[in-house]
Amino acid sequence: MSIYGPLHSALVRPLPRSFLSALKKHKPETPIDWDLAHAQHEAYTKAVQAHVANVTVVPVDENHPDCCFIEDTAIVSGRDIVISRIGAESRRDESGAVANVFESLRSSDFALTIHRLFAPATLDGGDVLQMGEHIFVGLSERSNKAAVDQLKDLLPTRKITAVPVADGLHLKSVLSALSDSVLLAADLPPVYAMASQILETLGSSARCVYVPDAIAANVLRLDRVLVIQAGYPKSESILRKEAEREGLDVIALNMSELTKADGALTCCSLLVPQI
Ligand code: CIR
């Protein structure tokens with residue numbers, strides 16, 4: 001039931017007209033170009049639709065400029081869905097529509113167990129890295145220890161580890177995974193302690209690939225395809241070699257406008273593995 005293997009389904013959510021008001025950690029050097037952001041998000045959605053059999057498009061929500069960053073609303077672990085309590089108060093109600101969609105998708109062939117985090121827990125899916133039976137949860141400005149404790153109760157068969165986030169908005173702003181045993185991390189000093197903690201927890205069969213660009217350290221695996229950020233040639237060449245080694249095809253997407261609102265590749269979808 002790895003999310004780096006065959007996928008059962010996926011959820012995406014369109015870019016709202018209000019996206020220009022999305023939360024931003026820093027003011028971007030140039031303003032977001034909405035048309036370009038929309039085209040980039042459409043290209044992303046098409047890539048997901050091309051490689052995942054069942055893709056549900058959750059209705060857009062103009063009252064939530066960040067709603068396209070659907071990853072933050074839930075954690076999908078096998079057939080357990082944990083509906084999150086998003087760290088930024090202005091985004092908190094994004095989870096409701098996603099919970100409704102999971103409830104409507106639930107059937108005898110697709111037996112989902114839907115859980116919910118409750119206050120004082122806060123958690124963004126961008127802080128959740130799954131590798132095999134391990135779930136690493138970033139302790140960041142958005143996600144807290146109460147969420148880690150609740151996740152341990154809700155998912156007792158998973159090995160859950162809290163990782164202090166030393167840089168970036170979320171844990172996965174600076175790292176992600178190529179597979180259950182290959183971590184991908186930005187080659188930057190604040191990231192080393194985070195990567196070492198994850199590697200030590202995974203054990204000796206795991207390894208880490210470093211790329212020079214933080215943005216390029218977040219990749220999306222769609223079964224046999226690796227989606228990477230276009231525009232970071234040094235990182236791209238490392239990622240292409242790794243993909244070749246694993247027999248994966250590569251799709252490079254330019255997500256420059258979503259990046260201006262701190263969006264990464266994983267943040268625009270929720271992936272449900274085949275089991
Ligand atoms: C936020 O600040 O919440 C959004 N502008 C960006 C969220 C990105 N989410 C993610 O990478 N999982």
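**Exercise 1.** Work out which strands the buried residues of helix H3 pack against.

*Solution.* The buried residues of H3 pack against E3, strand E4 (80–83), strand E7 (134–139) and strand E8 (159–164), where contact means heavy atoms within 4.5 Å, and where helices (H or I, at least four residues) and strands (E, at least two) are DSSP runs numbered from the N terminus. The model is predicted, so that local features need pLDDT of at least 70 and side-chain atom pairs pLDDT 80 or more, while totals for chains, interfaces and linings use all residues. Residues are numbered from 1 along each chain as its sequence is written, and side-chain values use heavy atoms, with hydrogens and water left out.

**Exercise 2.** Find which residues of H3 are buried and where they sit around the axis.

*Solution.* First, list the buried residues of H3 (residues 145–154), namely Ala147, Val148, Gln150 and Leu151; buried means under 20% relative accessible area, exposed over 50%, and partly exposed in between, with a 1.4 Å probe and protein chains only. Next, because they cover an arc of only 165° around the axis, they lie on the same side of H3, the arc being that of the directions from the helix axis to the C-beta atoms. Finally, the face turned away from this buried side carries the exposed residues Lys145 and Asp153.

**Exercise 3.** Identify the residues that touch the most other members of the largest nonpolar core.

*Solution.* A nonpolar core is a set of buried Ala, Val, Leu, Ile, Met, Phe, Trp, Tyr and Cys residues joined through side-chain atoms within 4.5 Å. Among the 34 residues of the largest one, Leu129, Met131, Leu175 and Ile198 touch the most other members. A second, separate core of 26 residues includes Phe69 and Leu220.
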